[in-house]
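Dear colleague,

Here is the structure I said I would pass on. My notes follow it.

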Amino acid sequence: MNINWYPGHMAKAKRMINENLKLVDLVVEVLDARIPYSSRNPDFKELFKNKMQIIILNKADLADPNTTEKWQNYYASIDTPIILVNSKSGTGIKNFLTAVNKIMEKKFEKDRLKGMLRRPVKIMVCGIPNSGKSTFINKLTGSAPARTGDKPGVTKDRQWIKINTNIHLLDTPGVLWPKFNDDLVAMNLAFTQAINDDILDIEQLCRKLIEFLSKRYPDNLKERYCIGSIKEEPHDILLNICENRKFFKSKGEPDILKASTIILDEFRSGRIGKISLEEPNDF
Ligand SMILES: Nc1nc2c(ncn2[C@@H]2O[C@H](COP(=O)(O)OP(=O)(O)O)[C@@H](O)[C@H]2O)c(=O)[nH]1
Ligand SMILES: [Mg+2]
């Protein structure tokens, strides 16, 4: 599956991020907890190398807790601060604010010694499309100034948002990178909707998801779709699901596209279970 998606607005957003970098004290990269590796933009590594950083593993409610724990241990081993967050419910938001204070302590102390008033911490929130940047910011403000959307690319303009007198945030549009070196990364981005479905072959994508689930989460697959055996090929499993759910076209043929769309949707909303697509030792 050859996927590439780097529309002009992403290149523009990357320039905007670069231009604003000098204004901010701290960069927050919002990752998708189901794909902590694939959702980390390799271009940001170079861009943010001189900035203090906090990583958010967002959508932690959708990820497999056992795998998430492995990721926590991994990040602890490389001394990188990460916070688990569910931006929909607000779990983890307090931990984030505590982490900001901790990481900024030295700066506050320096300012205080210089007799300066405490200035607000300026934070830029970055990440791939659809990782939940706007939802995360909305949860922080408690109201809803940052726009959110189900489709990638809803965040358009630059906007500073006051969380309180101590924290100002800049929401940024989702950015991917020009070329995915690894097919698996591209697919994981597609499964989790960081890549627009309009450019994808949904049936092929779903077969890939079924292939993955058969290997790593066979019980979830069996249970959700009432299938007896997962030894079959992904295509046969799809046919099986069409039977079970009565997805047929008018002439009685199985409606594979409908089944694929629904399976992807059920994965994305967590209805197949808490599923992580990658573990630290996959890489
Ligand atoms: N389950 C779950 N869904 C989330 C979470 N954060 C965001 N979402 C959903 O993910 C989608 C994209 O969120 P949005 O904030 O617009 O992403 P952005 O493109 O990064 O700004 C929306 O449907 C949100 O409701 C989360 O922590 N858990
Ligand atoms: Mg947004």
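Cys226 sits in the loop that connects helix H8 (218–225) to helix H9 (234–245). In this predicted model, its phi is near 50°, a positive value in a residue other than glycine. Cys226 is exposed, at a relative accessible area of 59%.

Lys59 belongs to the loop between S2 and helix H3 (65–77). Is Lys59 buried or exposed? Its relative accessible area is 18%, and the cut-off for buried is under 20%, so Lys59 counts as buried.

Now the chain as a whole. Its secondary structure amounts to 10 helices and 6 strands. Along the principal axes, the C-alpha atoms fill a box of roughly 75 × 35 × 35 Å. Of the 283 residues, 48% are buried. Taking contacts between residues at least 6 apart in sequence, 70% join residues at least 24 apart.

The sheet comes next. In what order do the strands of the open sheet stand? The order is S3-S2-S1-S4-S6-S5, across 6 strands, and the pairing is mixed. At the edges are strand S3 (82–84) and strand S5 (159–162); each has a single partner strand, so one side of each lacks a neighbour in the sheet. From one strand to the next, the twist averages 25°.

- S2 (residues 52–58) and S3 run parallel and are joined by 3 bridges. Ile55 is opposite Ile82 in S3.
- S1 and S2 are parallel too, with 7 bridges between them. Here Val28 faces Ile54 in S2.
- S1 and S4 are joined by 5 bridges and run parallel. Val28 has Val125 as its bridge partner in S4.
- S4 and S6 are parallel, with 5 bridges. Lys122 is opposite His168 in S6.

Helix H4 (residues 93–113) lies across strand S1 (26–32), S2, S3, strand S4 (121–127) and strand S6 (167–171). Its direction is at about 175° to that of S2.

Gly92 is in the loop between S3 and H4. With a relative accessibility of 11%, Gly92 counts as buried. Leaving aside residues up to four places away in sequence, Gly92 touches Ile83, Leu84 and Val85. Between Gly92 and Lys133 there are 14 Å in space, C-alpha to C-alpha, and the two are 41 residues apart in sequence.

The remaining item is a helix pair. At what angle do helix H6 (residues 183–191) and helix H7 (residues 202–216) pack? The angle is about 105°, and the axes are 11 Å apart. That makes H6 roughly perpendicular to H7. On the H6 side the contact involves Met187, Ala190 and Phe191, which meet Leu205, Lys208 and Leu209 in H7. Sorted by class, this contact has 5 nonpolar residues, no polar ones and 1 charged.

Regards

Conventions. Residues are numbered from 1 along each chain as its sequence is written. Chains are lettered from A and ligands numbered from 1 in the order in which they are written. This is a predicted model: local features need pLDDT of at least 70, side-chain atom pairs count only at pLDDT 80 or more; totals for chains, interfaces and linings use all residues. Side-chain values use heavy atoms; hydrogens and water are left out. Axes are lines fitted to C-alpha atoms, for helices over the stretch in contact, and angles run from 0 to 180 degrees between N-to-C directions. Helices (H or I, at least four residues) and strands (E, at least two) are DSSP runs, numbered from the N terminus. Angles under 35 degrees count as roughly parallel, over 145 as roughly antiparallel, 65 to 115 as roughly perpendicular and the rest as oblique. Contact means heavy atoms within 4.5 Å. Ala, Val, Leu, Ile, Met, Phe, Trp, Tyr, Cys and Pro count as nonpolar, Asp, Glu, Lys and Arg as charged, and the others, Gly among them, as polar. Two strands pair if DSSP finds at least two bridges between them. Buried means under 20% relative accessible area, exposed over 50%, partly exposed in between (1.4 Å probe, protein chains only).
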